[in-house]
Amino acid sequence: MARLRFSANVSWLFPELPNLPARLRAAGSSGFEAAEVGWPYAEPPEALVRAAREAGLRMVLINTPPGDREKGEMGLGAVPGRQAAFREGLEQAVLYAKALGCPRIHLMAGRVPQGADRAAVRGEMETVFLENLRHAAGILAQENLVGLLEPINTRVTDPQYFLDTPQQAAAILQKVGRPNLQLQMDIFHWQIMDGNLTGNIREFLPIVGHVQVAQVPGRGEPGSPGELNFPYLFQLLEDEGYKGYVGCEYQPQGDTVEGLSWLHSYWDRRGHPQASQ
């Protein structure tokens, strides 16, 4: 039974360091074998490639651009009237993914427009999302890339986000029907929206391309106090044969390196990643 492989989300970890290259180097020094970043676009790709190479890290995930954050946008995939901007952002994401050797791109769905009723616009937003996902799947297939859909909880984190449950995301993936589109399972969001983690992990893992973790409710380290039993969840992922990466997308409760004791405990039990992997 293979051990899990962990990825440092450097958009979240090492906030004490000033930029992404510095955070990548810190992730490598801390024993990570892989890294992911939400939005790499403020840095030239060459700087990130160099830092990842120096740190011995494989880049495994980036997001599509958020859109106009000053106007409250958080992804554009399902937003009516923003199809052209989504496709431009996808092109930028593909350029970065190719430069970084990164095989996965999270295709952000985006938010229900301000003032709109979620139920009233749901059908239109799903139609836009399906069109954009079919377009994205074709573009990504040409580059041998995988697109991911991530439900984000609307109870705590982002009340306006369009895609908020694994069931909704799985149904959309089934309608699109493209093998290079998969589900991104952030256990933090899934627990808040639906609970039933054991059942949902077993049901949806066959279509999951990436996992992310944080404790609930504080979004701290897996080793911090909260309602999730991560040794159990990690064992479940192993038992179910998960072969992808587990992204550490959490808010360090103190110093990032000191907060990695949970990961060192896992490595002590299951073996530290080998440099060749």
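Modeller: Helices here are DSSP runs of H or I with at least four residues, strands are runs of E with at least two, and both are numbered from the N terminus. By that scheme, Asn144 sits in the loop between α4 (118-142) and β5 (146-149).

Biologist: And what am I looking at, in terms of source and numbering?

Modeller: This is a predicted model, in which local features need pLDDT of at least 70 and side-chain atom pairs count only at pLDDT 80 or more, while totals for chains, interfaces and linings use all residues. Residues are numbered from 1 along each chain as its sequence is written, and side-chain values use heavy atoms, with hydrogens and water left out.

Biologist: Back to Asn144. What is its phi?

Modeller: Phi of Asn144 is positive, about 60 degrees, although the residue is not a glycine. Most residues other than glycine have a negative phi.

Biologist: Is Asn144 buried or exposed?

Modeller: Asn144 is exposed, at a relative accessible area of 70%. Buried means under 20% relative accessible area, exposed over 50%, and partly exposed in between, using a 1.4 Å probe and protein chains only.

Biologist: Which peptide bond is cis?

Modeller: The bond from Val216 to Pro217 is cis, with omega near 10 degrees. Pro217 is placed in the loop between β7 (208-213) and α8 (230-239).

Biologist: Now the fold. How many strands close into the barrel?

Modeller: Eight strands close into it, in the order β1-β2-β3-β4-β5-β6-β7-β8, with parallel pairing. Neighbouring strands of this sheet are turned by 30 degrees against each other on average, direction ignored. Two strands count as paired if DSSP finds at least two bridges between them. The angles are between axes, lines fitted to C-alpha atoms (for helices, over the stretch in contact), and run from 0 to 180 degrees between N-to-C directions.

Biologist: How many bridges join β1 to β2?

Modeller: Three, between residues 5-9 and residues 34-37, running parallel. Ala8 has Ala35 as its bridge partner in β2. Three bridges also join β5 to β6, again parallel, and Gly147 stands opposite Leu181 in β6.

Biologist: How many residues of β6 are buried?

Modeller: Five of the six residues in β6 (residues 181-186) are buried, leaving the strand mostly covered.

Biologist: Which strand has Asn63, and which side chain does Asn63 touch through a polar contact?

Modeller: Asn63 is in β3 (residues 58-63). Its side chain makes a polar contact of 3.2 Å with that of His106. A polar contact is a pair of N or O atoms within 3.5 Å; within protein, one must be able to donate a hydrogen and the other to accept it, and residues adjacent in sequence count only if both atoms are side-chain atoms. Asn63 is buried, at 12% relative accessible area.
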